[in-house]
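Q: I'd like to learn how to read a few local features in a two-chain model. Could you take me through them one at a time?

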Amino acid sequence: MTRTSAPAVMWLLLAQLAAIAPLAPTIPIWMVLVWGAVAWWYWRIVTAAWSFPSALVKVGLVVFSVAGIYLQYRQWLALEPMVATLVLAVILKVLELKQRRDHWLVLLLCYFVVACRFLFEQQINAVPVAVLQLLAILAAQQMLYREKPAIAASVRLSALMLIQALPLMLFLFLVFPRIGPLWSMPLPSAKAQTGMSDELRFGDIAELSQNAALAFRVRFEGGQLPPPSQRYWRGLVLENYDSQRWTVNRMGRLTTPPPPPLQGERQRYVVTLEPGAHEWLYSLPVARVNRDDIRYAGAYQWLPKAPLTGRLQYVVDSVLTQPRTEASNRVLQRNLRLPGNDSPRARELALQWARQYPDPADRVAAALRYFRDSPFDYTLKPALLGRDNVDEFLFESRQGFCEHYAGSFVFLMRAAGVPSRLVVGYQGGEVNTTDNYLLVHQSDAHAWAEVWLPARGWQRIDPTSTVAPDRVALGADSMLSAQQGFLGKSPLSLRRFDWARDIRLYLDSVNYAWANWVLNYDSERQSGVLSSLMGGISVKRMLVGLLIFGALPMALVALMMFKPAWRASRREPALRYYHTACRRLARRTGLRREPGETVAAFSRRVGEQAPEWAPWFAAFSSAFERCQYRRDSDALSQLRALKRPKKTQ
Amino acid sequence: MPSDLEQLSAARAEIGNVLLGKDRQIQQAMCCLLAGGHLLVEDLPGVGKTTLSQAFAAVTGLAYRRVQFTSDMLPSDILGVSVFDRNSNAFHFHPGPVFTQFLLVDEINRASPKTQSALLEAMAEGRVTTEGETRSLPKPFFVIATQNPWFQSGTFPLPESQLDRFLMRISLGYPDERSERQLLEGGDPREMLTTLPSCLDDAQIQRLQELVKQVEVRSSVVSYIQRLIAFSRQDAEIAFGLSTRAGLALLQCAKAWALLEGRDYLLPDDVQAVLEPVAAHRLQPAADSNADGAELVAKMLAQVSVLA
């Protein structure tokens with residue numbers, strides 16, 4: 001049994017903490033306490049105060065920890081409980097470390113823990129943290145084998161090793177085949193963060209609007225951004241109403257209608273969705289997405305064929321001015337349906353408009369007029385509404401967020417006989433002037449309405465803009481920041497200061513570039529890069545290349561280990577000179593010394609086979625012999641003087 | 001007055017005049033003498049084994065005895081015997097032929113193991129114990145034993161452990177065409193033997209043996225010897241590798257060789273020159289190998305790296 005020194009144990013525990021600590025937002029907080037307890041326990045073992053726990057105690061620990069993880073997550077088949085289990089296993093393993101190779105194993109597991117963090121955090125700021133983690137683990141590995149603790153030397157060597165590993169890392173990053181996941185495990189938190197869901201109740205978006213997280217970024221080709229009033233990012237069209245909530249028409253989604261042809265000036269842009277499970281996509285109407293795994297779902301919506309996870313990037317072509325005339329009788333019928341008999345007063349008002357104005361456009365105008373003229377209040381904290389929620393909102397509380405306005409508006413229009421539907425998505429976005437792209441946050445979530453006018457097709461109507469015009473013109477947060485409590489506690493509140501805003505936008509542009517060039521480096525881009533590098537490459541050829549280049553460092557290591565001559569020559573200058581001179585001679589004459597050939601014998605052979613080099617080589621060999629085999633202090637300088645091959649004619 | 005080394009090369013030249021075309025074997029035998037060991041010559045009859053030893057005895061000026069081993073020989077025939085002397089009324093020791101400086105043992109494998117081991121013990125110890133009394137052999141003491149390996153009927157081949165007592169084993173082989181012709185035309189070498197001058201004496205030989213001990217040995221050559229030994233122990237074709245005694249013998253002979261080459265320092269070339277006579281008879285080929293000792297030595301020479 002090789003005992004491990006106390007400093008090495010200290011470093012091991014610190015490296016472990018370094019590997020685990022950045023996972024703190026993911027794992028249960030009590031695990032840090034477990035780490036502390038185990039570390040202290042192990043320290044007592046190392047200082048021989050306590051003994052290793054018995055099998056019974058270990059079983060007990062395992063049972064308790066597994067129970068703890070289950071109580072925390074209530075499920076197993078998700079990423080977070082799995083990572084938590086891994087972390088707990090790595091922590092508890094410390095109580096079993098008896099030999100040096102056990103320590104080694106734990107440190108190797110720490111690398112895995114470091115890698116696991118990238119499942120949750122892929123921003124560029126995760127990288128320097130990971131570098132520090134690797135430095136700590138590498139240093140801990142060295143401490144295992146150091147006689148004396150040498151922290152500075154260990155850290156320096158660790159840094160050197162990391163730098164040496166860098167070219168290989170870049171190479172592997174560029175060429176290693178991107179293999180799709182063997183199974184996909186949705187992140188529980190990722191789903192919660194995507195924001196939108198495929199049903200909408202009053203109050204949903206108001207809640208979402210307080211989330212400062214980024215939803216997606218958009219880069220427009222040519223750098224020409226559409227005006228704020230055009231930045232309506234359509235996500236889902238909600239066509240079904242059941243007197244409390246708006247839902248997606250699932251039946252309609254089963255069909256795959258052909259996408260509408262684009263007519264007019266196209267605008268091309270790239271949308272990059274933040275990681276999560278993506279069940280629908282955002283675009284500006286009328287849009288077209290050319291990707292095999294994305295389909296058109298009718299009503300100008302684009303959906304992934306199967307839910308896509310992770311960071312998703314897709315290219316969209318849009319014609320913003322194109323009229324939307326896609327409608328069938330079934331669709332129009334569906335968009336007039338208003339089941340139940342709730343909110344009778346609103347129905348009555350709408351019927352009155354229907355009788356008064358024969359032209360549907362006038363009914364729309366009347367509804368908007370109603371919103372504008374009544375004392376409506378645009379607020380994040382609307383009153384709770386009861387069963388007749390539309391009536392209560394329209395005639396009593398008159399406080400609401402965008403979904404209240406849009407939902408009531410669609411309700412009124414349907415009651416008035418105008419086909420209409422609710423659209424949810426995002427509106428606006430923040431322009432990052434550093435790099436000229438658009439940042440869309442969850443707080444930009446929005447709901448609006450679309451009505452069908454026989455002459456003009458589907459028209460976007462945003463009743464919110466009649467109530468609160470600034471919402472559309474300035475964006476949600478700048479308009480609402482005056483209101484109490486909005487994002488008051490989040491970093492976004494710094495937006496009030498220009499310099500803070502500049503810094504934030506600059507950092508975001510760095511992160512965006514990181515996402516673009518590193519995180520989105522998928523197999524498609526890889527083959528693009530590789531084919532531009534080496535012209536048309538197949539996976540097979542790539543693998544062969546990979547094997548060769550991967551084998552090269554191994555071969556070098558093997559050479560260093562198995563060729564003692566090479567190692568010895570580094571120690572003895574005379575030997576080095578001799579080997580170098582022999583290599584030079586071999587380049588010029590092709591003559592090589594056999595392993596069993598003595599210096600003098602080789603010199604004689606050179607004399608026979610390459611007489612023009614013989615005078616020099618004989619003198620050189622003789623100097624080397626004197627250097628190597630007898631005490632001759634002048635010989636080394638003679639050898640050095642003779643080290644360059646000289647030809648005699 | 002000529003130095004010891006000059007006398008040494010003169011002695012070599014004189015033997016070379018008698019034993020034509022065998023310079024290398026003469027040098028090997030000389031090397032064995034200077035290294036303080038004993039020589040086993042293995043060859044057919046009539047290629048000059050006796051001539052070599054007689055010429056050696058003549059030029060070195062050592063006291064020379066020759067014993068022909070036969071199967072009925074007893075240890076006392078070599079070591080000597082105590083005979084009762086009636087005049088002095090006591091046993092009187094009559095020293096055997098081993099009490100000499102230079103002993104030629106012909107056909108050592110004809111004698112019984114008992115007799116062989118009596119001789120070999122004398123060779124190893126440098127003294128003889130008979131009837132409870134130990135008598136030292138004169139110095140220097142040099143044995144050349146010959147054996148005929150091809151006709152083994154009625155012989156007692158030397159076991160490996162006995163072979164190890166011989167520092168070197170050489171074979172003479174047929175002379176080349178030119179030397180043989182010269183020999184045939186030049187008359188009887190036995191006659192020439194009588195005219196050989198003695199170039200050295202026993203004191204000079206002992207001084208030369210001291211000089212051998214002073215040859216400079218650097219660690220790089222020792223490493224080479226160690227690599228050779230290690231190789232012999234690892235190679236699959238060799239049943240048993242070289243012993244430490246064999247390593248010492250190799251070093252000792254190589255130093256003597258260096259001196260004969262006129263150097264006071266050791267080179268790997270010296271080790272290579274003496275490896276075959278020193279190692280070939282000590283290497284036991286593995287059961288499934290059909291290489292003999294000389295081939296194994298050639299393999300060692302080719303494969304073991306000279307430089308570290």
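Q: Which residues gather in a patch of positive charge on the surface?
A: Keep in mind that this is a predicted model. The patch of positive charge is made by A:Arg583, A:Arg587, A:Arg588 and A:Arg644. Of these, A:Arg644 sits in the segment after helix H26 (635-641) of chain A.

Q: Is A:Arg644 buried or exposed?
A: Exposed means over 50% relative accessible area. A:Arg644 has 52% relative accessibility, so it counts as exposed.

Q: And which residues make the nonpolar surface patch?
A: Look for A:Val62, A:Val66, A:Tyr70, A:Leu71, A:Trp76, A:Leu77 and A:Met82, which form a patch of about 670 Å². Helix H3 (residues 55-73) of chain A gives the largest share, with four residues. A:Trp76, for its part, lies in the loop between H3 and helix H4 (79-93) of chain A. With a relative accessible area of 36%, A:Trp76 is partly exposed.

Q: Let's move to strands. Which way do the side chains of strand S1 of chain B point?
A: The general idea first: in a regular strand, side chains alternate between the two faces of the sheet. Now the case here: in S1 (residues 39-42) of chain B, B:Leu39 and B:Val41 point one way, B:Leu40 and B:Glu42 point the other way, and all are buried.

Q: What is the bridge partner of B:Leu40 in S8(B), and which residue stands opposite B:Leu40 in S9(B)?
A: In S8(B) the partner is B:Ala145, while in S9(B) B:Arg169 stands opposite B:Leu40. S1(B) pairs with strand S8 (residues 142-147) of chain B in the parallel sense, over four bridges. S1(B) also runs parallel to strand S9 (residues 168-170) of chain B, joined by three bridges.

Q: Now the backbone: where is there a cis peptide bond in chain B?
A: Check the bond joining B:Lys139 and B:Pro140, where omega is about -10 degrees. B:Pro140 is in the loop between strand S7 (133-136) and S8 of chain B. In chain A, a cis peptide bond joins A:Pro285 and A:Val286, with omega about -10 degrees. A:Val286 belongs to the loop between strand S6 (277-278) and strand S7 (287-289) of chain A.

Q: Last one: what is the phi of A:Ala299?
A: A:Ala299 isn't a glycine, yet its phi is positive, about 55 degrees. This residue is buried, at 7% relative accessible area. B:Asn89, also not a glycine, has a positive phi of about 55 degrees, but B:Asn89 counts as exposed at 57% relative accessibility.

Conventions
Residues numbered from 1 in each chain as written. Chains lettered and ligands numbered in written order. Predicted model: local features only at pLDDT ≥ 70, side-chain atom pairs only at ≥ 80, totals over all residues. Heavy atoms only, no water. Patch = residues over 30% accessible without salt bridge, like charges linked within 9 Å, V, L, I, M, F, W, Y side chains within 5 Å. Areas by Shrake-Rupley, 256 points an atom, 1.4 Å probe, with all protein chains shown as cover. Salt bridge = Lys/Arg side-chain N within 4 Å of Asp/Glu carboxyl O. Lys, Arg positive; Asp, Glu negative; His and termini not counted. Charge placed at Lys NZ, Arg CZ, Asp CG, Glu CD. Helix = DSSP H or I, 4+ residues; strand = E, 2+ residues; numbered from the N terminus. Buried < 20%, exposed > 50% of the residue type's maximum accessible area, 1.4 Å probe, protein only. Pairing = 2+ DSSP bridges.
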